[in-house]
Amino acid sequence: MDPVRQFFADNALLPHGWGRDVLFTVDGSGLLTDVSAGAERGAARHLGRLVVPGMANLHSHAFQRAMAGLAEQRGDSADSFWTWRRTLYDFLDRLTPDDVEAIAALVCSEMLEAGFTTLGEFHYLHHDPAGRPYDDIGEMAGRIAAAAAATGIGLTLLPVFYAHGGFGGAPPTDGQRRFINDPDGFARLVESAGQHLDGLAGARMGIAPHSLRAATVEEIGRILPLAGDGPVHIHVAEQTQEVEDCLSWCGRRPVEYLLDSLPVDARWCAIHATHMTPAETGALARSGAVAGLCPETEANLGDGLFDAPRFLAAGGRFGIGSDSHIHIGLAEELRLLEYGQRLSLRGRNLLCDPGAGTGESLFRAAVSGGARAVGQPVDGLQAGQRADFVVLDESHPSLAGRPVERMVDSWIFAGDRSCVRDVHVAGRRVVADGRHLARDLIRSGYARVMAGIIR
Ligand SMILES: [Zn+2]
């Protein structure tokens with residue numbers, strides 16, 4: 001355990017707005033024990049002039065980072081999510097545990113440089129290329145944990161239960177063989193994954209039934225106790241074909257069917273939830289579940305637009321993830337979330353809270369919803385939360401000379417990860433001057449992997 005430490009920020013974005021002269025006290029395990037505005041700096045370490053909380057990236061399939069940009073050519077027939085998925089399955093045949101660890105380390109380092117301080121890994125690549133479990137069924141989970149440990153990012157691991165190739169328990173396809181477990185095998189996987197997280201400070205675990213296509217509601221009910229008090233994530237209503245398949249199978253739409261069939265509450269995170277009727281949107285908001293939005297991936301895959309104005313008006317909570325990692329950017333994800341609405345509704349500042357700018361409104365909402373979705377008991381810069389600090393570079397051209405109250409708007413709409421100067425996780429600095437401390441090592445390891453697997 002480290003000794004108690006103190007940090008100081010000239011300005012810090014606290015849960016209820018900006019505070020000036022903020023003193024942070026951090027205990028030996030890296031948790032904030034006190035946050036006081038209007039304080040003297042004393043001997044505290046100076047973080048910077050502009051400090052905002054770290055955000056969780058609540059939805060990731062780390063290995064997909066390695067195929068970003070490789071499915072952007074037009075095929076023979078109309079391209080769609082489903083043709084992208086065939087490229088994915090082809091790519092999957094080549095990945096070893098060492099490859100996955102190196103790719104995940106790159107993803108974690110890029111997330112940290114963007115301002116994300118927790119990875120929510122929706123982890124479904126479990127078995128060897130022939131579909132056989134490794135000697136340790138949690139081998140791949142261990143590799144995700146190792147990447148998190150090597151980079152310093154916080155980890156919430158969400159082992160995925162994946163059993164079928166379509167609604168109603170349809171058999172899986174050959175391309176899905178590395179994902180498949182029955183409920184008993186999944187229980188062993190969860191147990192092993194938990195052991196891999198032992199010793200990883202602050203790590204949490206939940207579970208992720210992949211989707212209503214890949215798991216029946218009976219199976220989901222059976223595995224739910226394995227989540228303990230951790231989060232439960234599920235992909236739902238990402239694609240219109242999924243909605244049509246669900247309707248023709250059971251007469252209900254995916255979100256409707258999910259809410260009717262399972263005890264969805266604030267522990268749950270509905271990933272995408274793109275295609276909902278107004279009634280479903282209201283019901284999902286009232287359930288307390290977080291909507292896990294991935295605007296850049298949803299745009300890349302041609303999924304559709306989430307009805308954010310209606311969901312937020314109904315009191316819904318959301319967080320963001322970079323999912324396929326077609327690009328890893330905190331500012332860009334939030335910006336695209338707003339821009340999708342502007343393009344569709346032909347208005348401006350559509351996801352803006354009263355009294356705050358749109359960028360800051362989105363940022364604060366995603367910090368809060370993201371924390372809930374990765375199982376953190378509190379969010380933002382307050383006592384009880386991990387001491388995750390993101391220090392913005394006030395000399396960056398997109399931020400220079402702006403009033404503090406417009407800084408996050410300027411970062412989200414006019415900036416990118418180059419606005420992030422330093423990042424601390426649990427009070428420990430892992431990004432300095434925009435670079436992860438192990439960037440060179442991680443990038444060279446990743447480049448070696450890619451030289452071996454791209455054909
Ligand atoms: Zn996903």
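## The model

This is a predicted model: local features need pLDDT of at least 70, side-chain atom pairs count only at pLDDT 80 or more, and totals for chains, interfaces and linings use all residues. Residues are numbered from 1 along each chain as its sequence is written.

## Overall fold

The protein chain has 14 helices and 17 strands. Both are DSSP runs, numbered from the N terminus: helices are H or I with at least four residues, strands are E with at least two.

The C-alpha trace spans about 65 × 50 × 45 Å along its principal axes. With 455 residues, a compact globule would have a radius of gyration near 23 Å; the chain has 21 Å, which agrees. That radius is taken over C-alpha atoms, and the globule rule is 2.2 Å times the number of residues to the power 0.38.

Of the 455 residues, 54% count as buried. Buried means that 20 or more other C-beta atoms lie within 10 Å of a residue's own; exposed means 12 or fewer, and partly exposed is in between, with C-beta atoms placed from the backbone. Take the contacts between residues at least 6 apart in sequence: 74% join residues at least 24 apart. A contact needs C-beta atoms, placed from the backbone, within 7 Å.

## The open sheet

Eight strands form an open sheet with mixed pairing, in the order β3-β2-β1-β4-β14-β15-β16-β17. The edge strands are β3 (32-36) and β17 (435-436), and each pairs on one side only. Two strands pair if DSSP finds at least two bridges between them.

Strand β2 (residues 17-26) runs antiparallel to β3, and 4 bridges join them. Leu23 has Ser36 in β3 as its bridge partner.

## The nonpolar core

The largest nonpolar core has 141 residues; Ile103, Cys108, Ala270 and Leu392 touch the most other members. Helix α2 (residues 97-114) gives the largest share, 11 residues. Domain 1 (5-53 + 381-436) and domain 2 (55-373) both give residues to this core, so it lies between them. The domain bounds come from an automatic or database domain assignment. A nonpolar core is a set of buried Ala, Val, Leu, Ile, Met, Phe, Trp, Tyr and Cys residues joined through C-beta atoms within 7 Å.

Leaving out residues up to four places away in sequence, Cys108 touches Leu119, Ala147, Ala148, Thr151 and Ile153.

## A buried glutamate

Glu121 lies in strand β6 (residues 116-123). Glu121 is buried, because 30 other C-beta atoms lie within 10 Å. Beyond residues up to four places away in sequence, its contacts include Ser60, Ala62 and Ile144.

Notes
Contact = placed C-beta atoms within 7 Å.
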